[in-house]
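Colleague: Hi! Could you walk me through this one?
Modeller: Happy to, here it is.

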Amino acid sequence: MGRELSVGEVAHRSGIAVSALHFYETKGLIQSHRTGGNQRRYGQDVLRRVAVIKVAQEVGISLADIAAALAALPDGRTPTREDWRVLSEGWAADLDQRILQLQKLRNGLTNCIGCGCMSIDRCPLHNADDHLSEDGPGPRLLLTASHRKSSRECGKL
């Protein structure tokens, strides 16, 4: 085991606020132990774990999904290169779906905003006579196919 780090050192080295580190700890994403003086100490491997959390959050993965993935690691260890490959492959389909949704939203809203809603009948979001209600609830033109299916199954949106 290498030199242990204080919470301030981890915050400085990782670029994460001390309060965020405490939050991650309460959620079981990282672990520390207490010294005789009741101060938190972290192993240096926590820096890699925090980096994984930070990168995953930046691409839109929820803390719950991150926690579940990290909890699946044997003995709660820090992710290795192979672990990261497996984790990222597991998140790839969800990220691809989000990318498609964002592109669809961007492309549809650009046209709508560009027209200034002067010709609402040509807007890609226009739903004359509510004919899209037959396809289910929610913003049918903005939802991707898998979201339409899941919202129908769940009764949401």
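Colleague: At what angle do α1 and helix α2 pack?
Modeller: Helix α1 and helix α2 (residues 18-26) pack at about 105°, and their axes are 9 Å apart. The axes are lines fitted to C-alpha atoms, for helices over the stretch in contact, and angles run from 0 to 180 degrees between N-to-C directions. That makes α1 roughly perpendicular to α2, because angles of 65 to 115 degrees count as roughly perpendicular, under 35 as roughly parallel, over 145 as roughly antiparallel and the rest as oblique.

Colleague: Which residues meet there?
Modeller: From α1, Val7, Gly8, Val10 and Ala11 meet Val18, Leu21 and His22 of α2, where contact means heavy atoms within 4.5 Å. Five of the contact residues are nonpolar, two are polar and none is charged. Here Ala, Val, Leu, Ile, Met, Phe, Trp, Tyr, Cys and Pro count as nonpolar, Asp, Glu, Lys and Arg as charged, and the others, Gly among them, as polar.

Colleague: Is this model predicted or experimental?
Modeller: The model is predicted: local features need pLDDT of at least 70, side-chain atom pairs count only at pLDDT 80 or more, and totals for chains, interfaces and linings use all residues. Residues are numbered from 1 along each chain as its sequence is written, and side-chain values use heavy atoms, with hydrogens and water left out.

Colleague: OK, back to α1. How do α1 and α3 cross?
Modeller: The axes of α1 (residues 7-14) and α3 (residues 46-58) come within 10 Å and cross at roughly 50°. That makes α1 oblique to α3.

Colleague: And which residues touch?
Modeller: Val10, Arg13 and Ser14 in α1 meet Val46, Leu47, Val50 and Lys54 in α3. This contact has four nonpolar residues, one polar and two charged.

Colleague: What about α3 and α4?
Modeller: The axes of α3 and helix α4 (residues 63-71) also come within 10 Å, crossing at roughly 140°. The two are therefore oblique to each other. In this pair, Arg49, Val52, Ile53, Ala56 and Gln57 of α3 meet Leu63, Ile66 and Leu70 of α4. The contact divides into six nonpolar residues, one polar and one charged.

Colleague: Zooming out, how many helices and strands are there?
Modeller: The protein chain has six helices and two strands, in the order α-α-β-β-α-α-α-α from the N terminus. Helices (H or I, at least four residues) and strands (E, at least two) are DSSP runs, numbered from the N terminus.

Colleague: Last one: how much of the chain is buried?
Modeller: Of its 157 residues, 28% count as buried, meaning under 20% relative accessible area with a 1.4 Å probe, protein chains only.

Technical notes
Buried means under 20% relative accessible area, exposed over 50%, partly exposed in between (1.4 Å probe, protein chains only).
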